[in-house]
Amino acid sequence: QVQLVESGGGLVQPGGSLRLSCAVSEYVSRIYTLGWYRQAPGKERELVASVDSHGNKNYGDFVKGRFNISKDTSKRTVDLQMNSLEIEDTAVYYCNAYFPWADYWGQGTQVTVSS
């Protein structure tokens, strides 16, 4: 069982920045893929960014260079730095740990982009 606890969400103005952090109960080097997903009201959950065990990163098309995912093996965290935030980025952001045999999710953290 892998436990994930997100933090760092909040209210930010358009063009602002936020840094989300996910504390992972397992050694992050042992996890196949760590990722951040988001779900806006009335929409399906979508991939924001992921990083695999080799350090390969993948981003949703809408990111367009604005976000960066990073993991810290010593702190057991995976962070999402979000810059140039847009109103459309408003959603609940979830941390994910993926194994071929199991999928784990955090409880989510709200990000609201509004003027």
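Before anything else, I noted what a strand is here: helices (H or I, at least four residues) and strands (E, at least two) are DSSP runs, numbered from the N terminus. With that in hand, I found Asp61 in the loop between strand E6 (57–59) and strand E7 (67–72).

**Ground rules**

I am looking at a predicted model, where local features need pLDDT of at least 70, side-chain atom pairs count only at pLDDT 80 or more, and totals for chains, interfaces and linings use all residues. Residues are numbered from 1 along each chain as its sequence is written, and side-chain values use heavy atoms, with hydrogens and water left out.

**Overall build**

I looked up the secondary structure and got eleven strands and zero helices. Along the sequence that reads β-β-β-β-β-β-β-β-β-β-β. Next I checked the radius of gyration (taken over C-alpha atoms; the globule rule is 2.2 Å times the number of residues to the power 0.38). The protein comes out at 13 Å, close to the 13 Å that the rule gives for 115 residues, so it is as compact as a globular protein of that length. I also boxed the C-alpha atoms along the principal axes and got roughly 40 × 25 × 25 Å.

For burial I used these cut-offs: buried is under 20% relative accessible area, exposed is over 50%, and partly exposed is in between (1.4 Å probe, protein chains only). Buried residues make up 41% of the 115. For contacts I took heavy atoms within 4.5 Å. Of the contacts with a separation of 6 or more, 52% are between residues 24 or more positions apart.

**The disulfide**

How many disulfides are there? I count a pair of cysteine sulfur atoms within 2.5 Å as a disulfide, and by this rule there is one. The partners are Cys22 and Cys95, with sulfur atoms 2.2 Å apart. Cys22 sits in strand E3 (residues 18–24) and Cys95 in strand E9 (residues 91–99), so I noted a link between distant parts of the chain, 73 residues apart. A reminder for myself: a disulfide is a covalent bond between the sulfur atoms of two cysteines.

Why is this disulfide called left-handed? The torsion about the S-S bond of Cys22 and Cys95 is about -90°, so it gets that label. I then checked burial: Cys22 is buried at 0% relative accessible area, and Cys95 is buried at 0% too.

**Val2**

Val2 is buried, at 7% relative accessibility. Leaving aside neighbours within four places in sequence, Val2 touches Val24, Ser25, Glu26, Ala97, Phe99 and Tyr104. I also looked at Val2 and Gly106: they are 104 residues apart along the chain, yet their C-alpha atoms are separated by 9.4 Å.

**Two positive phi angles**

Most residues other than glycine have a negative phi. I looked for exceptions. Arg76 is not a glycine, but has a positive phi of about 60°. Arg76 lies in the loop between E7 and strand E8 (77–82) and is partly exposed, at 24% relative accessibility. Ser84, also not a glycine, has a positive phi of about 50°. I placed Ser84 in the loop between E8 and E9, where Ser84 counts as partly exposed at 41%.

**Back to Asp61**

Is Asp61 buried or exposed? I got 72% relative accessibility, which makes Asp61 exposed. Asp61 and Ala49 are twelve residues apart in sequence, and their C-alpha atoms are 9.7 Å apart in space.
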